[in-house]
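Me: I've got a model open and I'd like to learn how to read its features. Can you walk me through them?

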Amino acid sequence: MYGIGMQELLLILLIVVVIFGAKKLPEIGGGLGRAIRNFKRASSEPDEIDITPKDKKNDDTSHSA
């Protein structure tokens, strides 16, 4: 009932073509596709936990009397 129909999609496409131009549409679509693919890959990978020990340097900057 509240879905987007064919007329609305055509109107949106027409506005996008006017704003960006027809030559930019493949670049925009490719960038959007890469962004979605990277998001899906990042959301499906397990979280990485860094367990490498950190080096503690002995910093003798304080002067004891």
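This is a predicted model: local features need pLDDT of at least 70, side-chain atom pairs count only at pLDDT 80 or more; totals for chains, interfaces and linings use all residues.

Me: What does the secondary structure of the protein chain come to?

Reply: Two helices and zero strands.

Me: How far apart are the end C-alpha atoms of helix H1, and what span should its residues give?

Reply: Count 1.5 Å a residue: H1 runs over residues 6–20, 15 residues in total, so it should span 21 Å. The end C-alpha atoms are 21 Å apart, which agrees. Just after H1 comes Gly-21, with a positive phi of about 90°.

Me: Which residues form the nonpolar patch on the surface?

Reply: In general, residues three or four places apart in an α-helix point the same way, because there are 3.6 residues a turn. Here, the patch consists of Leu-11, Leu-14, Ile-15, Val-18, Ile-19, Phe-20 and Ile-28, which together have about 710 Å² of accessible area. H1 contributes the most, with six residues.

Me: Is Ile-15 buried or partly exposed?

Reply: Ile-15, which lies in H1, has a relative accessible area of 44%, so it is partly exposed.

Me: Which side chains meet in a salt bridge?

Reply: Side chains of opposite charge can pair when their charged atoms come close. The structure holds one salt bridge, where Glu-27 meets Lys-24 at 3.7 Å, N to O. Lys-24 is partly exposed, because its relative accessibility is 43%.

Me: What share of the protein chain do buried residues make up?

Reply: 0% of the 65 residues. The chain exposes about 7000 Å², and carbon and sulfur atoms supply 61% of that area.

Terms used:
Residues are numbered from 1 along each chain as its sequence is written. Side-chain values use heavy atoms; hydrogens and water are left out. Helices (H or I, at least four residues) and strands (E, at least two) are DSSP runs, numbered from the N terminus. The expected span of a helix is 1.5 Å times one less than its number of residues. Patches are made of residues with over 30% relative accessible area and no salt bridge: like charges are joined within 9 Å, nonpolar side chains (Val, Leu, Ile, Met, Phe, Trp, Tyr) within 5 Å. Accessible areas come from the Shrake-Rupley method with a 1.4 Å probe; for residues, only the protein chains shown count as cover. A salt bridge is a side-chain nitrogen of Lys or Arg within 4 Å of a carboxyl oxygen of Asp or Glu. Buried means under 20% relative accessible area, exposed over 50%, partly exposed in between (1.4 Å probe, protein chains only).
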